[in-house]
Amino acid sequence: MTSAVIVDVVRTPSGKGKAGGGLSQVHPATLLAGVLSELVSRNRLDPALVDDVVTGCVTQSGEQAFNIGRTAVLAAGFPESVPATTVDRQCGSSQQAAHFAAQGVLAGAYDIAIACGVESMSRAPMFSNAQGADANRGPIAHRYPDGLVQQGISAEIIAARWKFDRAALDEFAARSHRLAAETAAAGGFSDELVAAGELTADETVRPTTTVEKLAGLQPAFADDEYKARFPEIEWSITPGNSSPLTDGASAALIMSEEKANQLGLRPRARFHSFAVTGDDPLLMLTAVVPATRKVLARGGLSIDDIDAYEVNEAFAPVPLVWAHELGADPARLNPRGGAIALGHPLGASGTRILATLVNHLDQTGGRYGLMTMCEAGGLANATVIERL
C-alpha cells in the first residue's frame, strides 16, 4: 500500500503578534514564501514537481485574503503551474492542510504536496474577518438559546468543571516556558527553524517565567455579564496561562514513499492515522479528547504506545483536561513546551507542532507521536505519525 511520508518540515521563529514584534514588519505572504523556498531548497527539490500546496490560514482578510497560499507560492518563485489553496479549520487549519495533503497522496491524487500555514496576528488581527458574524444569532440561536461564548470563557468553564485551580494552570504555563527554553538552549529547535528577516529564535519564550510571577497577572476574561451567567467560575485564565498572539509560518514536504525513494530523499516519518471530530461548542476546546480516542482506535494503538503527545496549549486547561481524560503520562505531554511558550500563530500552528514533534522523535528515537488541536466551534483534529 502507498504510504504518505514526511520528508521535511520547517517553521519560522515565533514572533510576538503585536506592533514591534520581530515579524510584524513582514507581509504574511512573504513570511510563508520564506519557509516554502527553504523547504524545497534544502531538499534540492524542483518545485515544479509539487502537485499542490495546501495552506492553513484563519484570518483570511486584509493581507491574508484572496488565497494567500497561491500568493505565497508565486512570491516564493515557484513555477506558475504549481497550484495552491487556502483552508480554514480555525486553529487546526494547517493540521487539516497536512491531512488533506497526506490523504491526497494516499488516494493517488498527488505524488508530492506541501502542507503549510501562516498567520500574522500583528498585521491581520484576530476577528478582523468576522464583521457581521455572530454565532449567537441566526440559524443556530434556537439550538443554543443561552448563547455560545468566546474561547477564553470556554477555558474558564473547563477549568471550573474539571477543578483545575489557578495554581495548577500557572504551574503548567511555567513548565511550558521552562521546557521550551531548555530545548532552545540545547539546540533542539535548530533543525526546524528557518530565519525570517532578522529573527532567528522564538521571541515568545520567556526563560525567567516562574509561578510566582504568573500569579501576579489578572484574569483576562472576567466581566459582569459572564460572572452572573457562570457563578461557578473562579476566573483563573490570564495572559500568562494562555497562548500569546503570534506571527509565524510553517511548511511540511509530504509525498508518497515511492516518490521519495525515486528522488533519493529520506522519509523522516509516515502518517499513521487521522481523525477529526466535533464536540460541545460551548465547552469548545474539549474535542481533543474524542478526537484522540478516535485516532488511536483507527490506528490500532493505545495511549501507552505513543512516545510523545503534542496537545496545543491554546489555554492551560486544554492539555490538562486531555491528559486527565486519557490517563496520559505527563512526562510525554508537550515535552519541548507548547504554545504558551512557543506561540500560537493560528493557521500555522498545526505544521509548527508537526515540525516540533518530528524533530523530537528524531532526536529521542521515539516511534509514535500524536498531535491534536482544539478548534473554534467545538472541533479538533488528531494525527498519529510514525518515525521512520
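Modeller: What follows sets values against cut-offs, for a model that is predicted.

Biologist: What makes D8 and R42 a salt bridge?

Modeller: The N to O distance between their side chains is 2.6 Å. The cut-off is 4 Å, so the pair qualifies. The count by this rule is eleven salt bridges.

Biologist: Which parts of the chain does the pair D8 and R42 tie together?

Modeller: D8 sits in strand β1 (residues 4-11) and R42 in helix α1, so the bridge ties together parts 34 residues apart in sequence.

Biologist: How do you know whether D8 is buried or exposed?

Modeller: Its relative accessible area is 5%. Buried means under 20%, so D8 is buried.

Biologist: And why is R42 called partly exposed?

Modeller: R42 has 34% relative accessibility. That falls between the 20% and 50% limits, so partly exposed is the label.

Biologist: What makes E192 and R11 a salt bridge?

Modeller: Their side chains meet at 2.7 Å, N to O, and the limit is 4 Å. E192 lies in the loop between α5 (166-185) and α6 (211-214), while R11 is in strand β1, 181 residues apart. Both E192 and R11 are buried.

Biologist: How do you know that R268 forms a salt bridge with D362?

Modeller: Their closest N and O atoms are 2.6 Å apart, within the 4 Å cut-off. R268 lies in the loop between α8 (257-263) and β7 (269-278), and D362 in helix α12 (residues 349-364), so parts 94 residues apart in sequence are tied together. R268, at 8% relative accessibility, is buried. D362, at 26%, counts as partly exposed.

Biologist: Which residues are linked in a network of salt bridges?

Modeller: D8, R42, R268 and D362 are linked that way.

Biologist: Last, the surface. What makes M126 partly exposed?

Modeller: M126 has 36% relative accessibility. M126 lies in the loop between β5 (112-120) and α4 (151-161).

Biologist: Which residues form a nonpolar patch with M126?

Modeller: F127 and L245 do, and the three together have about 320 Å² of accessible area.

Note on methods: Residues are numbered from 1 along each chain as its sequence is written. This is a predicted model: local features need pLDDT of at least 70, side-chain atom pairs count only at pLDDT 80 or more; totals for chains, interfaces and linings use all residues. Side-chain values use heavy atoms; hydrogens and water are left out. Patches are made of residues with over 30% relative accessible area and no salt bridge: like charges are joined within 9 Å, nonpolar side chains (Val, Leu, Ile, Met, Phe, Trp, Tyr) within 5 Å. Accessible areas come from the Shrake-Rupley method with a 1.4 Å probe; for residues, only the protein chains shown count as cover. Helices (H or I, at least four residues) and strands (E, at least two) are DSSP runs, numbered from the N terminus. Buried means under 20% relative accessible area, exposed over 50%, partly exposed in between (1.4 Å probe, protein chains only).
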